[in-house]
Amino acid sequence: MNAAPATILRQHLIDPEICIRCNTCEETCPVDAISHDSRNYVIDAAKCKLCYNCISPCPTGAIDSWRNMPADRAYPIAEQLLWDSLPGQIALDQGGTTGAGTEVGAGNTAGETPADVAQIAAASTAGQGGTAPPPWSAAHPYVNLYGIHQPAVATVSGNFRLTAEDASSDIRHIVLDFGNASFPVLEGQTIGILPPGLDANGKPHHVRLYSVASPREGERPKYNNLSLTVKRVTEDHEGKAAHGIGSNYLCDLKKGDKVNVVGPYGTSFLMPNHPGSHLLMICTGTGSAPMRAMTERRRRKFSAGESLGKQMLFFGARSSGELPYFGPLTKLPKEFIDINFGFSRVPGEPKRYVQDLLRERGEDVARLLKDENTYVYICGLKGMEKGVEEAFTALCQANGLDWNSLRPQMLQQGRYHVETY
Amino acid sequence: MSIDYSQKIPNNVHLNDNKTLQRALEHWQPEFINWWQDMGPDGSQNFDVYLRTAVSVDPSGWAHFDHVKMPDYRWGIFLNPAEEGRKVNFGAHKGEAAWQEVPGEYRSNLRRLIVTQGDTEPASVEQQRHLGLTCPSLYDMRNLFQVNVEEGRHLWAMVYLLHAYFGRDGREEAEALLERRSGDADNPRILGAFNERTPDWLSFFMFTYFTDRDGKYQLCSLAESGFDPLARTCKFMLTEEAHHMFVGESGVGRVIQRTCDVMNQLKTDDVAKIRAQGVIDLPTIQRYLNFHFSVTMDLFGADVSSNAATFYTTGLKGRYEETKQTDDHLLNDASYGVLEVNDGKLVTIQAPYLNAINEKLRDDYVVDAKAGIERWNKIIQKAGIPFTLSAPHKAFNRKIGPLSAAKISPTGQVVSEGEWTHQHLHWLPSAEDRAFVASLMGRVAEPGKFANWIAPPARGINNQPVDFAYVRFN
């Protein structure tokens, strides 16, 4: 059971329904990874070096197709040659072992928010002046189903590194399976993890809170699982070496390991559900987890052909390699989501933070803010709050809005949500 | 191999170092622009079009997208990088170093090949010049204009070769390329298919699918040429040509998709009912297909041709994927099957391979063209409609070569003159078919909107949304 976490391969494929078999890609490929028969053009995952040389010459866009696959299960050429259409993205934990099942005992179904959870929640929403009401159309959240004394036991069904191998941060996508235990969550909610063992004072560790990164139907639809986005903490806010108990525990988990989970928590940072509602999302680093959950919820609706309001995302990181979910995000259709990346540590390029992006897109952001169906979500490091507030003030001023009066109004209407740490 | 855009004529051939050539081309340039203004897309010169422009010939640089006015498109001269130690790979000179200059004895044949290829480029722009007025969407309008500017660039590519390597004759030929006119009774384009009209968008999609695909095969065989500048020029043109294949294949596919959708809504295959809904019935699509396929068959030239043998033996024009063929690349003793009518039947006879080089290229083309027709059939199958499109027999409706003397059905049966007269309206688009298709044409120019007879594409261009403003009117 304790196999090392599988590495995820971003497998480069060709969409046989769009490809016109013009041979341009095969001609362009410098390592002969592309070949064809009378039916399909295919890419050998073992040879492809992801140099992207073939991408822009492709006249159809068929070559710009990607699937995340466990490296040992990449689609072989023989299989690709038989395709009439591209298979869908499998859930990352597919084929993994399912959880052994967690019983929900009597007395576990209702509880109070633990003191330390309440404390963290208060601190994280301090930036907006305390908890705001949820959007009027948010689904009703379940909270406090599992307490510290009787946590739910989840099974790890996947643990994948999201950041580039050479990135300074180790950010992971961890999938937890609840077997047949009920653990309903909504996008934007958090769960608590109880790291095993005792702290320096001989007491059990405090609860560690993590935002859920998957939508309500699960990381894999119809499966009783959820995912977390966890950054391995190796230094504190001042940059001094520090070993994060919760994050290192989670990042080191292997498939099949059991985890004690409490919660869920959160009744405010929830997404609207009414048609025509817009999401304006601003995040940095692992603050992307709730945004990923909301975006994925809407992406599935979009794929099912539902008409949706606008999605606009501002996402900051040190570099693209440090940005969790960077690859999948860049592949989302532009008519589905308007994505703005800002990188602060790209050699030779000026630092760009989310607030810079907001200012650049001021006119479009203001247009959204004017719409009462727009809901704003901000999540990430505490340090981003000030810059974002300043950017809002400036872009409002430039576009005939007054942020000082708009902000409290939006808060009161459950349209402005901040969670920072 | 980046392209010098600071010059009047963007190029990656160090034009700056050859003042005579540069002056000659700079003299031709305004004549080209005049031709473009006169014969290029009608009434569209002031539009901002989301075009792909090559900024270098390496993979990262040649697909640069931006809104530009067509007359400001940077037509220029781009050759693929030279291949170190490249050889002549076929014919009598096989194994010799590839030629960097024109061998004197092959000068006129080579010039003829280049002029014939070059003539098709402006011809298709002329054929398509009114289509912008009836585009089914901004997306399609943009694709049309992209095809047009790239045909213009392919003309530049051929004109460069004429100017650079053929002296005064070459310059005169380059001027004549701007003087002939598609469909003109007195001064027509060289090849028949390029004097046909492209009156509607179904014809345009069929043309880009079938006829531009002939262009692809001709370019592929010229890309094998022992004359290295021609090979390198054609190699780069092929990358652009792929876009034209895409426009045709996806265009016809979207017409089929829309028709199938309507057929399923109405639950009928009644042509009159389908037409009443303003979409093109599948039998009409089959007749258009038959027409464009057969017209294109003629572009490959006579089935048995001593010219083709000469071009091959002298190393000027190879076969499709010449270097991937496993024979001796001399073909002196080899034979190849060609068709002839014997005793009221089509039979395959063995001809000397060298004389059948055209037929070999035609056969390679047919395999490729049929594969795409099968992909169209997948759309029909997916919709659950019992109808199959098929390529007609390669001897069907031929106008040149010995097969033109016989009347041959789409299934390859030799039929009598009377039978042909009786049947040909089932096989080829009738005046009524064309009038019906023409009646559907009308400009749709709002982003994201599509004419009723065609489905939207699966993806936008360059990952842009389908409702992107691909053309902005001014």
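**Loops, strands and helices in a predicted two-chain model**

A:Arg21 lies in the loop that links strand 1 (8–13) to helix 1 (24–28) of chain A. The model is predicted. The phi angle of A:Arg21 is near 60°, a positive value in a residue other than glycine. A:Arg21 has 23 other C-beta atoms within 10 Å, and is therefore buried. A:Asp32 counts as exposed because it has 9 C-beta neighbours inside 10 Å.

Chain A also contains a cis peptide bond. The bond joins A:Gly263 and A:Pro264, with omega about -5°. A:Pro264 belongs to strand 10 (residues 258–265) of chain A.

Strand 6 (residues 171–177) of chain A is largely enclosed by the rest of the structure, because 7 of its 7 residues are buried. Both of its faces are covered. On one side, A:Ile171, A:His173, A:Val175 and A:Asp177 are buried. On the other, A:Arg172, A:Ile174 and A:Leu176 are buried. Strand 6 of chain A pairs with strand 5 (residues 152–161) of chain A in the antiparallel sense, over 6 bridges. A:Val156 has A:Leu176 in strand 6 as its bridge partner. Strand 6 of chain A also runs antiparallel to strand 9 (residues 225–231) of chain A, and 7 bridges join the two. Here A:Ile171 stands opposite A:Lys231 of strand 9.

Chain B has 474 residues, of which 50% are buried. Its secondary structure consists of 12 helices and 7 strands. Among contacts in chain B with a separation of 6 or more, 70% link residues 24 or more positions apart. The mean pLDDT of chain B is 93. A pLDDT of 70 or more is reached by 98% of its residues.

Helix 3 (residues 138–165) of chain B packs against two other helices considered here, helix 4 and helix 6. The axes of helix 3 and helix 4 (residues 167–179) of chain B come within 7 Å and cross at roughly 155°. The two helices are therefore roughly antiparallel to each other. B:Leu155, B:Val159, B:Leu162, B:His163 and B:Tyr165 of helix 3 meet B:Gly170, B:Arg171, B:Glu173, B:Ala174 and B:Leu177 of helix 4. The residues of this contact comprise 6 nonpolar, 2 polar and 2 charged.

With helix 6 (residues 228–266) of chain B, the axis of helix 3 comes within 10 Å, at a crossing angle of roughly 170°. These helices, too, are therefore roughly antiparallel. Helix 3 contributes B:Asn143, B:Gln146, B:Val147, B:Glu150, B:Arg153, B:His154, B:Ala157, B:Leu161 and B:Tyr165. Helix 6 contributes B:Pro229, B:Leu230, B:Thr233, B:Met237, B:Glu240, B:His243, B:His244 and B:Val247. The residues of the contact between helix 3 and helix 6 divide into 8 nonpolar, 6 polar and 3 charged. B:Tyr165 of helix 3 takes part in the contact with helix 4 and in that with helix 6.

The two chains also touch. In chain A, 18 residues are in contact with 20 residues of chain B. The chain A side of this contact holds 7 nonpolar, 7 polar and 4 charged residues. For the complex, the predictor gives an ipTM of 0.82 and a pTM of 0.66.

Methods
Residues are numbered from 1 along each chain as its sequence is written. Chains are lettered from A and ligands numbered from 1 in the order in which they are written. This is a predicted model: local features need pLDDT of at least 70, side-chain atom pairs count only at pLDDT 80 or more; totals for chains, interfaces and linings use all residues. Axes are lines fitted to C-alpha atoms, for helices over the stretch in contact, and angles run from 0 to 180 degrees between N-to-C directions. Helices (H or I, at least four residues) and strands (E, at least two) are DSSP runs, numbered from the N terminus. Angles under 35 degrees count as roughly parallel, over 145 as roughly antiparallel, 65 to 115 as roughly perpendicular and the rest as oblique. Two residues are in contact if their C-beta atoms, placed from the backbone, lie within 7 Å. Ala, Val, Leu, Ile, Met, Phe, Trp, Tyr, Cys and Pro count as nonpolar, Asp, Glu, Lys and Arg as charged, and the others, Gly among them, as polar. pLDDT is the predictor's confidence in each residue, from 0 to 100. A residue is buried if 20 or more other C-beta atoms lie within 10 Å of its own, exposed if 12 or fewer, and partly exposed in between; C-beta atoms are placed from the backbone. Two strands pair if DSSP finds at least two bridges between them.
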